[in-house]
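Welcome! Please take a moment to look over the sequence and the 3D view before reading on.

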Amino acid sequence: MDQAFIRNFSIIAHIDHGKSTLADRFLELTGALQAREMEAQVLDAMDLERERGITIKAHPVRLNYTAKDGRQYVLNLIDTPGHVDFSYEVTRSLAACEGALLLVDAAQGVEAQTLANAYLAVENNLEIIPIINKIDLPSAQPDECKRQIEDIIGLDSSDALLASAKEGTGIAEILEAVIDRFHPPAGDAEAPLKALIFDSWYDAYRGVVIVVRVIDGVVRPKMKIRLMALGQDYEVDQLGVFSPKAIPVTELGVGEVGFIVANIKRVSDAKIGDTITEIARPAQEAFPGFTELKPMVFAGLYPVEGHQYAELREALDKLRLNDASFFYEPETSVALGFGFRCGFLGLLHMEIVQERLEREYDMDLVTTAPGVLYRVTTTDGVVQEIDSPAKLPDAGRITKLEEPVISAMILTPSSHVGPILQLCQDKRGVQKKLEYLKSDRVLITYELPFNEVVMDFYDRLKTISRGYASLDYHVTDYWESPLVKMDILVNGEPVDALSIIVHRDAAYERGRALAAKMRELIPRQMFEIAIQASIGNRIIARESVKAMRKNVLAKCYGGDISRKRKLLEKQKEGKKRMKRVGNVEIPQEAFLAVLKLGTD
Amino acid sequence: MDRGPGRVLASVLGIYVHIPFCSAICNYCNFNRGLFEPGLKERYVSALLTEIRQEGDGSRADTIFFGGGTPSLLEPFEIEAVIDACAEGWDLNGDTEITLEANPETVTPERLAGFRGAGVNRLSYGVQSFRDDELVRLSRLHSSAKAAEAFAMARAAGFDNISLDLMMWLPQQAVSQWLESVDALIALGPDHASLYMLEIYPNAPLRDAMARGRWSVAPEDDVAEMYLAGLGRMDSAGYEQYEISNVARPGRQARHNLKYWTDGEWIGLGCGAHSTRSGTRWKNLSDTEDYISAVERGTPTATDRRVLSADQRLEDALFTGLRLNAGLDVGIVRQRYGVDVWARYGEQFQPFLDRGLLSYDGSSLRLPREGMLVAHEMMAVFIG
């Protein structure tokens, strides 16, 4: 098809600013979905979404739109994930577009997430059309939003469009603007095939489905193709587009967006950002920007019951079929037995994986405190990356210990600036910038040690700003820091799964708080339990859980023995859900106690 | 050698009769009960008599226990009719223990004489507390003075076997306040007493009242103290503890309730009543109306009938037996079930033995009082 009549674009928006409602309106207006079948269709997409798991975005949709000029256009709406954990995927999705709609809630204004993604769009040379949504709200302040778009993001907002996706106003105007203001895709139809992979997922019937934007050339069924980064060859089996139902096509030409099925077995073989070319006539260079995704956050996952280890392995294998960005390897803990060290893109990604294991695979898990990737130089000059406190060499052998640092952007109402700065200071942050974007809106930029952020930073930020502050970050650097390994001892025995790496100056306070939290979380048992925090051989905090004094119920009503029995069974069941370390039963949540310090 | 309860595994039947009526609903109670209604009561008693005629099979029985609800809301002639029907249906000898649960506000000298005349020979008063502030918090209808008066009336009516129930761990109750009630009970001198811990079930109206009144209950260590100190006073006053929450003057243990703890057999009559017989458990329909209509229509009143597996019978015998001061006689268990308790569970019990929470003398497993306080920890060992 003629690339002059194609427009590829995405919508950048903060959560709840109305992205999916706007997308639904586009579908409706272009007749992609009858209003009546709408609900069912959208739900189907969500099921698929859930199966696909972590990308948290919808597949691209092809809209056939007859514009006011009477011509027929193909508009490809490409979704972007809305969370910082997936910012690499955002950049690849944006690379498949020529333009982006910047959607801002007329009542809420610009948020950190919007800002971060808008910057990414600008960096990718996208045209941006600002859209002020929800203008039907009584609290809408479109002029204020325009001002923020200019002042905060630095975009010209004089031609911003006003819309209410909910009420359906301004929708056609947006589509007209997409045609007028976004460029058609460039690219050479005659050149060797070059197609950018910007999404992929595993389908039980078809194998891996990859979503591409054709940069140059054309792809057809039966074509022999090569994935350039991995150098693996396949034959195209099926081609298609989503409208939003999957529809087979006989070719995808330059500028087009669609899916390819090519008998690929694992999503890890079709990496996002990779380029597809034709073996017979290969492109000279791959599309730029490909990066191997590296996990940033690490935690141990253990089955509550040891015999579930094999099941957990199987579940992880299956999950990885669908999620190449997640990593795992076997790990053994003295306290928890056999489990896995897992790496995630970020905390949200970790939560998603955990939740899927529990819900879809019915696993009962103990998760240890998340940590980051440290860089350790030992006396023999060897530099290694360690993803677990257990792997940290003895203090005497370490000559240099470095930790990852992030650049964090926090956007907040000015009333919360004080406590937020305090929080950032407490977390060993270095302030880079503090800008009053207007009298009551502040952009704070900090460099923060990433390990402090994975602990409990986000929860505390939300608490102290009553949910109004928004955060975006990316890892920028490594810092050398005086870090120490802190152990927790239960009845004198170190519990390896509770060890954390912490800054020396914060160790005392963290140790005391952690021991106190553990005292709350470990129920009273038949004997007194000593809980200690230590660094090396030095005990820095001590708490004790007193021996249980009472666990008996007296009444036996009219000979109802079954009821008594049920009670005992329930008690026994509760114990099974705890982990026995030495002779102490430790509940699952205690292994994440370090995340809950200072939040109550 | 001690031949107390627990040494003899009961095989003679106990009869439980449920009376589901109350004049008011207590805010902490989740037993099977409803408000008193004369018409319903008459139909209910008549249904009971029918059920008794159907169930009676002439086997030996030596206890009848009227529980509730508030059984003392029935008229003496109704109680008498039930007792007479039981005597026709089962083989009762002259030494049958016949207990009536009563609330202090429901009795008069005339009614008590009537119950006595009907054949009731044991009274169990739900006193719960001798402090009026505590009784008000529990929404009880009687006062401390009324309880003392009801006790005196019962003695005057000729009852020589009276039990009083007291509850500890009440909202706002401190250890010293609990002991006041224990002392008041001792001063009256009943023949038997039950000292319970209040369990506030999840949706109890008492929970709302506690939230409104900002009432709290004592911490765990204080409850342990209440239990130990309360029983200590009962010891000094000459009572003998024979079960986790029951004490009695010599020879006055509740024969009926012992059947529950000694692997015994009992038949439950009336709505919601539980039965255990020949290795089978069942429960009657809980709802009063459902129960009456089933009896009237001649359809089965029993629901949830379960034949216990050999393991379940054993486990139940073990965990209930541990409640008795006499302990669990491993010889009897071996005889009945062919299982060596010590060989099977000894290792799991070692930590409790080491801490003095359990004792074993080669023939019986016994809980000292500190052990009774944490009895469920040990009972759970038996649950498969």
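This is a predicted model: local features need pLDDT of at least 70, side-chain atom pairs count only at pLDDT 80 or more; totals for chains, interfaces and linings use all residues.

Let us begin with chain B, whose secondary structure comes to 15 helices and 17 strands. Its C-alpha trace spans about 60 × 50 × 40 Å along the principal axes. A compact globule of 384 residues would have a radius of gyration near 21 Å, and chain B agrees with that, having 21 Å. Of its 384 residues, 57% count as buried. Among contacts between residues at least 6 apart in sequence, 72% join residues at least 24 apart.

The chain has 37 positive and 53 negative side chains, with the centres of the two sets 1 Å apart.

Next come the aromatic rings. Over all chains, the structure holds 23 aromatic pairs. In one of them, the ring centres of Phe9(A) and Phe26(A) lie 6.2 Å apart with planes at 65°, so the pair is edge-to-face. Phe9(A) sits in strand S1 and Phe26(A) in helix H1 of chain A, 17 residues apart. Phe9(A) is buried at 0% relative accessible area, and Phe26(A) is buried at 0% too.

The rings of Trp201(A) and Phe242(A) have planes at 35° and centres 6.0 Å apart, so this pair is tilted. Because Trp201(A) lies in strand S7 and Phe242(A) in strand S11 of chain A, the pair ties together parts 41 residues apart in sequence.

Definitions and conventions
Residues are numbered from 1 along each chain as its sequence is written. Chains are lettered from A and ligands numbered from 1 in the order in which they are written. Side-chain values use heavy atoms; hydrogens and water are left out. Helices (H or I, at least four residues) and strands (E, at least two) are DSSP runs, numbered from the N terminus. The radius of gyration is taken over C-alpha atoms; the globule rule is 2.2 Å times the number of residues to the power 0.38. Buried means under 20% relative accessible area, exposed over 50%, partly exposed in between (1.4 Å probe, protein chains only). Contact means heavy atoms within 4.5 Å. Lys and Arg count as positive and Asp and Glu as negative; His and the chain ends are not counted. The place of a charge is taken as NZ of Lys, CZ of Arg, CG of Asp or CD of Glu. Rings of Phe, Tyr and Trp (its six-membered ring) pair if their centres lie within 6.5 Å; planes under 30 degrees apart count as stacked, over 60 as edge-to-face and the rest as tilted.
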